[in-house]
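Please look through the sequence and the model shown here before reading on.

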Amino acid sequence: MHAVFRTGGKQFRAVAGERLRIPSLDAAAGTTVTFEEVLLLSDGEDVRVGTPTVEGATITAEVLGSGRGKKVIVFKRKRRKGYRRKQGHRQGYTEIRVERIDG
């Protein structure tokens, strides 16, 4: 069984037992979080697509920890003007393990 859910403005495909890195949540490691914005639910044969969400469907996951991703360099330049700007960015994430998909 798998599902597609939305968190942090992005969509993720979840399978029970799978580890995912999602945008940062305000949750401590070891706690349980529930996602109720389930957009699609499938058990292999039967596919339920929400309008916009599937009624009564939830995804339960355990928070494993949080961190920051690899550094991305943002470099701006304009030719012949001497304009250069260099900036780095590291996006925060929360790592979760999907425990249960209810639908």
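What follows describes where these residues sit, how exposed they are and what they touch.

The structure is a predicted model, in which local features need pLDDT of at least 70 and side-chain atom pairs count only at pLDDT 80 or more, while totals for chains, interfaces and linings use all residues. Residues are numbered from 1 along each chain as its sequence is written, and side-chain values use heavy atoms, with hydrogens and water left out.

| Residue | Relative accessible area | Class |
|---|---|---|
| Arg79 | 56% | exposed |
| Glu36 | 58% | exposed |
| Glu95 | 17% | buried |

Glu95 belongs to strand S10, residues 92–102, where strands are DSSP runs (E, at least two residues) numbered from the N terminus. Setting aside neighbours within four places in sequence, Glu95 has contacts (heavy atoms within 4.5 Å) with Arg19, Leu20, Arg21, Glu62, Val63, Leu64 and Gly65.

Glu36, by comparison, is found in the loop between strand S4 (32–35) and strand S5 (38–42). When residues up to four places away in sequence are not counted, Glu36 touches Ala57 and Thr58. Although Glu36 and Phe5 are 31 residues apart in sequence, their C-alpha atoms are 7.9 Å apart in space.

Arg79 is placed in the loop between strand S8 (72–78) and strand S9 (83–89).

Key:
Helix = DSSP H or I, 4+ residues; strand = E, 2+ residues; numbered from the N terminus. Buried < 20%, exposed > 50% of the residue type's maximum accessible area, 1.4 Å probe, protein only.
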